[in-house]
4 protein chains.
Amino acid sequence: MDIIVVMKAGAAADDVKRVVDRVTELGLTPHPSKGEFRTIIGAIGEQALQAQQQLEQLPGVDEVMAITQPYKLASREFQEADTILDIKGIRVGGPHVNIIAGPCAIESREILFDVGQAVKDAGASILRGGAYKPRTSPYSFKGKGKEGLEILKEAGEELGMPTITEVVDPRDVEVVYEYADIFQIGARNMQNFNLLLEVGKTDKPVFIKRGLAASITDLLMSAEYVLSQGNHRVMLCERGIRTFCEETRFTLDVSAVPVIQERSHLPVFIDPSHAAGKRDLVPPLALAGIAAGAAGAIVEVHSCPERALCDGPQAVLPDNFAKLMEQIRQVAELVGHRVTLWGRPDATVRRPAGGGWAT
Amino acid sequence: MDIIVVMKAGAAADDVKRVVDRVTELGLTPHPSKGEFRTIIGAIGEQALQAQQQLEQLPGVDEVMAITQPYKLASREFQEADTILDIKGIRVGGPHVNIIAGPCAIESREILFDVGQAVKDAGASILRGGAYKPRTSPYSFKGKGKEGLEILKEAGEELGMPTITEVVDPRDVEVVYEYADIFQIGARNMQNFNLLLEVGKTDKPVFIKRGLAASITDLLMSAEYVLSQGNHRVMLCERGIRTFCEETRFTLDVSAVPVIQERSHLPVFIDPSHAAGKRDLVPPLALAGIAAGAAGAIVEVHSCPERALCDGPQAVLPDNFAKLMEQIRQVAELVGHRVTLWGRPDATVRRPAGGGWAT
Amino acid sequence: MDIIVVMKAGAAADDVKRVVDRVTELGLTPHPSKGEFRTIIGAIGEQALQAQQQLEQLPGVDEVMAITQPYKLASREFQEADTILDIKGIRVGGPHVNIIAGPCAIESREILFDVGQAVKDAGASILRGGAYKPRTSPYSFKGKGKEGLEILKEAGEELGMPTITEVVDPRDVEVVYEYADIFQIGARNMQNFNLLLEVGKTDKPVFIKRGLAASITDLLMSAEYVLSQGNHRVMLCERGIRTFCEETRFTLDVSAVPVIQERSHLPVFIDPSHAAGKRDLVPPLALAGIAAGAAGAIVEVHSCPERALCDGPQAVLPDNFAKLMEQIRQVAELVGHRVTLWGRPDATVRRPAGGGWAT
Amino acid sequence: MDIIVVMKAGAAADDVKRVVDRVTELGLTPHPSKGEFRTIIGAIGEQALQAQQQLEQLPGVDEVMAITQPYKLASREFQEADTILDIKGIRVGGPHVNIIAGPCAIESREILFDVGQAVKDAGASILRGGAYKPRTSPYSFKGKGKEGLEILKEAGEELGMPTITEVVDPRDVEVVYEYADIFQIGARNMQNFNLLLEVGKTDKPVFIKRGLAASITDLLMSAEYVLSQGNHRVMLCERGIRTFCEETRFTLDVSAVPVIQERSHLPVFIDPSHAAGKRDLVPPLALAGIAAGAAGAIVEVHSCPERALCDGPQAVLPDNFAKLMEQIRQVAELVGHRVTLWGRPDATVRRPAGGGWAT
């Protein structure tokens, strides 16, 4: 938690003194060093980053630069080894690649069981399905709520798969906790800080999607919210950012995968479905993410997408999903990872140093 | 609520029939028209936009285009005249320009009263102050909560100014309702749909800030959430979007002001403070927004910004705020608007047709 | 080349007539169709897109929408089969994956020969090296010019590899033509239309990099400039776009690969080096691009990057490049492609329908 | 030209020594300062910024930060007073506000003379008209070339107005020099460095538009290219950047005006026409730019925009332009500027300290 205060060239001695005094007053340790032209003052301490805005307003200060990242528990410095979660016997993170699949929204018992069976057969290890859907329009289908959660729980139990579902309101954390195995925090709620605090108080895994305009630091700070409450079971997900490109719904920032892996020990997934918005693009983007080293992908699958109540155009058909799983499996191995296939013993694999790539 | 289904050149008659049937099944009225090369099918009905995703997946369909906007109650078509709110006798919208001012966060009774008196004397008509602060870092100051609300209420009453404060959690709507006059929905909560629904159920004005990556349509859809619950007292605010520019904290999209005014009857403010992130930029951006026709600005003012617990670098000093108010007053008049100055009778003004500009 | 003029609901018959007349006057064939509420007028003809701006200004017109893309020769409609180039016996495009490698700039004969030998041994099929470097600063190293070209030619001949180098000025097209095998048009010159016209008049392949803020349509229109002059040997390259993300130099838009492949028959490469700006990110991004189906990658390799005069931080070391080549080879095969390895017979491979993915 | 090399916490003494040696070898003066946990090494010298990429690759280095900006001649540090150009007796920059107006392209003698007379009567001081038009499509109207230049020169002489026209090719610099008074460098050529060098070798003013994805530093570096050749007559122009917003053609970054003014002595204009893409938005954006302190605006005006061969939808009609000029004049005065009205004596005005704003 260090910052550097760069004084203007030729700043007065008084200005330097004022900064040093203020750094001390703020509970930080000042480390001034007088150069030929400029004085530079290091400031070290827990609250250094919080002091940045105040220090940059003092007279004679040119710039205040942060040297360390603002997140702590989420950082590689804090924990060097990859976090590996155990979710009902499924291992997530490190060399383990998991594919989360299922329909966008839980529309009916029948569809969820159908799709669930298909994705399980193809090798998916976690079942997804939305009961509370955040929709841009107040007039769109917003999910079946608790009824959907009941169907999800039943499907998960019958198929023997852990389940994930989105929670959008702090008031729903309790009920979602009761029915699902993993909390999903959607892109639009990535900075719903009270929601993060609530799921942080539970002991179930939290899957945080990157916001449309969130930097990687922002995403890791949201993880920090959960971690700071004592819940260390956090997974991250790159799902496309908003850029000028209109050709896809969002722009999948595939480089977020290795960048996050360098900075954090948390597993990072990709969501090719929401990034693409179009099913033909899902396989190439899914493979791109796995090739870049992702800990898995979350893929929307639907047995009758042209009647889906939500995001049908991006849902993959079960048959194509099975073919995609096979390719994912092979690409994962090429980068030193291994896909957790449902129901098959998970051989111990080790990610080679350097993440499997030749750096 | 119209959409146009454009069939591929040379699409089979069967494909066309399937689309027409599906349009009917979805409760819409189809209007096919066979061109020389292509068939185009208009589809009209309340749920047309909801049908878009399903129709674009049918065989032979090239593209489905929306002709109408997805928002209804927020649109100029729904209400041609500008919405003019009456907030404790202050008129907002139409030709009335209001400046909302105060500190970023309510830090102490003393600072809020000091700053409040200064901005009132300078002509601000509404008092701002944050009690619940959404902060990127879990380790930053997050506001004084209910204690802050009490100070705000007291200050508003003593100064005779309506107050505005941010609400970040549906669970806080009740308490904020009790203490403040206007709900502020921050940029990071613009798509916190449950929060929008909750404030939509009240009868107090809602001030919605545009999200960092929100299109203007997204913003108007968030307004629609509030309006659809029966609360018609909505104000909008452009506060800067996230772009590649690093020179300012965000990029103030000043064109959002006239674009929103063309599409919607709701008043649109600008927030120069958060866009700039730096006090020197606040006056030029505030004037730019007023010159572009904004219904007002929300400006952070602090009497001792280098000790502010939040966003000090962008807070304007009281003296400079007074000078800025004078310039705002003059620029507003040049575009046919009039600033509501606290405590002075508000002469009836009319915005000339075309918003005061020579189009 | 079709457009649709959507009239406002309730537009006057006169307005409709005026549009129809104008469409005719502009040399297009109008196809009006009167719906219950709106009239829609299709307009077909070579110059339809050029007419768009004029038509949208006529009274009663709500919107003018393009149904077809503005590019023609670059489109899949124009040529369904993948373009496969033959460059000195190397086949590029279709199922053939080629890796272009070498230093950013040609700094000396020695370095180019060293690096060239290394990348050839590793399997690269084309040698890169810059003689004219566009640099943001007028004070940076701008390349060795003609002297660099001479070294490049010599190296290409000795190694038996085709060469590629950037051309930045229409006045240099002649000299670059003489010395190199492929013209590279850099991101900053993607819309230097006169330069595109000049290389379009030659018979050597042109490798066009996507601009920092160019849409995919913009990129294909730049290809169209070259194609329209009679030069059909065009290759495209995604190299990262400018977004709000500061964690990488640019954001590699990996979805551009499948999107372009759907719309165009031209081969599309990726440039992981410039997107990343950092060598550790080059392998994951290169593999991501190949997994997404790219026709190849252009990779910067340097034997002593910390002394490179340009972009050293993103240059991969020769040893690591060799390991990366091996992974690229395997990932390519998984998606039905085959890497052209220098000096080995190129077995005939066929890309499976659907690009090798399970769509 | 200073940089700071921040060593990793606990970096070895050898690593520090290696950096210090390398800094010296690169011709810079090292200023190491050993803190409790980290060592920081300042490096000062002309080539410091060029050394950044090399130093950041050395072992033990955490980060290399630039403290100074990469431009020199364009900076406020180099020249504190505003640059004021004299263009045929018209003063540009400082407190002088100039409106450049005319049609997008020179289509005919008649239209240019008509529009020219109208904008002169309204108070515009400089006449614009394009002879070489960079167009996204090879099939669009690309201007009349030299014939257009001849018409422009004639119009400028008859009306007594200086003229501005775009140059897109280094080979055209000579002919444009002969016929026009100001070189315009368009957004797409802002980093056409050879073109910048060519106009930098002349003695005529250069008006550089910001690129679609250019940072403010990029823009000032392009100015530096011209300045470094000895041509000090440079004007800058913000014309909208590419963002995710689809509601306007580009997003006018109005904050670029005060940001550039703080960093550079060069006059900065705004182009509301290209940013908006729609004539109704031109007046509010023009006024916003002037209110933010711009040195002027460049506005497209056409007498018959629905027949314009280029960008008709954004052209303002002559009558509306006259009304806009009147508003511009008043807003300019409010911020301490004065519009140069054609043909009227230019009273000496002084911009108040702080740019006319209350900072």
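**Exercise 1. Determine whether Asp311(C) is buried or exposed, and describe its backbone.**

Solution. Step 1: Asp311(C) has 20 C-beta neighbours inside 10 Å and therefore counts as buried; a residue is buried if 20 or more other C-beta atoms lie within 10 Å of its own, exposed if 12 or fewer, and partly exposed in between, with C-beta atoms placed from the backbone. The model is predicted: local features need pLDDT of at least 70, side-chain atom pairs count only at pLDDT 80 or more, and totals for chains, interfaces and linings use all residues. Residues are numbered from 1 along each chain as its sequence is written, while chains are lettered from A and ligands numbered from 1 in the order in which they are written.

Step 1: Asp311(C) is placed in the loop between strand S14 (296-300) and H11 of chain C. Helices (H or I, at least four residues) and strands (E, at least two) are DSSP runs, numbered from the N terminus.

Step 2: Although Asp311(C) is not a glycine, its phi is positive, near 55°. Most residues other than glycine have a negative phi.

**Exercise 2. Locate Gly89(A) and give its exposure.**

Solution. Step 1: Gly89(A) sits in the loop between strand S5 (85-87) and strand S6 (90-92) of chain A.

Step 1: Gly89(A) is exposed, since 10 other C-beta atoms are within 10 Å.

Step 2: The C-alpha atoms of Gly89(A) and Pro162(A) are 9.1 Å apart in space, while the two residues are 73 residues apart in sequence.

**Exercise 3. Characterise the packing of H3(C) with H11(C).**

Solution. Step 1: The axes of helix H3 (residues 109-122) and helix H11 (residues 318-334) of chain C come within 9 Å and cross at roughly 20°. Axes are lines fitted to C-alpha atoms, for helices over the stretch in contact, and angles run from 0 to 180 degrees between N-to-C directions.

Step 1: H3(C) and H11(C) are therefore roughly parallel to each other; angles under 35 degrees count as roughly parallel, over 145 as roughly antiparallel, 65 to 115 as roughly perpendicular and the rest as oblique.

Step 2: The crossing of H3(C) over H11(C) is right-handed, meaning that the near helix is turned clockwise from the far one by less than a right angle.

Step 3: H3(C) contributes Val115(C), Ala118(C), Val119(C) and Ala122(C) to the contact, and H11(C) contributes Pro318(C), Phe321(C), Ala322(C) and Met325(C). Two residues are in contact if their C-beta atoms, placed from the backbone, lie within 7 Å.

Step 4: By class, the contact of H3(C) with H11(C) has eight nonpolar, no polar and no charged residues. Ala, Val, Leu, Ile, Met, Phe, Trp, Tyr, Cys and Pro count as nonpolar, Asp, Glu, Lys and Arg as charged, and the others, Gly among them, as polar.

**Exercise 4. Identify what covers H8(A) and H6(D).**

Solution. Step 1: In H8(A), six of its eight residues are buried, including Val257(A) and Ile260(A).

Step 1: The cover of these buried residues of H8(A) includes helix H7 (216-228), strand S12 (234-238), strand S13 (268-270) and H10 of chain A, together with helix H10 (282-291) of chain C.

Step 2: Helix H6 (residues 193-200) of chain D has seven of its eight residues buried, among them Phe193(D) and Leu196(D).

Step 3: The buried residues of H6(D) pack against helix H5 (173-179), strand S10 (182-185), strand S11 (206-209) and helix H7 (216-227) of chain D.

**Exercise 5. Describe the contacts of chain A with chain C and with chain D.**

Solution. Step 1: Chain A places 42 residues in contact with 42 residues of chain C. H11(A) gives the most to this side of chain A, with seven residues.

Step 1: The side of chain A that touches chain C has 26 nonpolar, 10 polar and six charged residues.

Step 2: The contact between chain A and chain D takes 17 residues from chain A and 18 residues from chain D. Strands S2 (29-34), S3 (39-44) and S4 (61-66) of chain A each supply at least two residues of the side that touches chain D.
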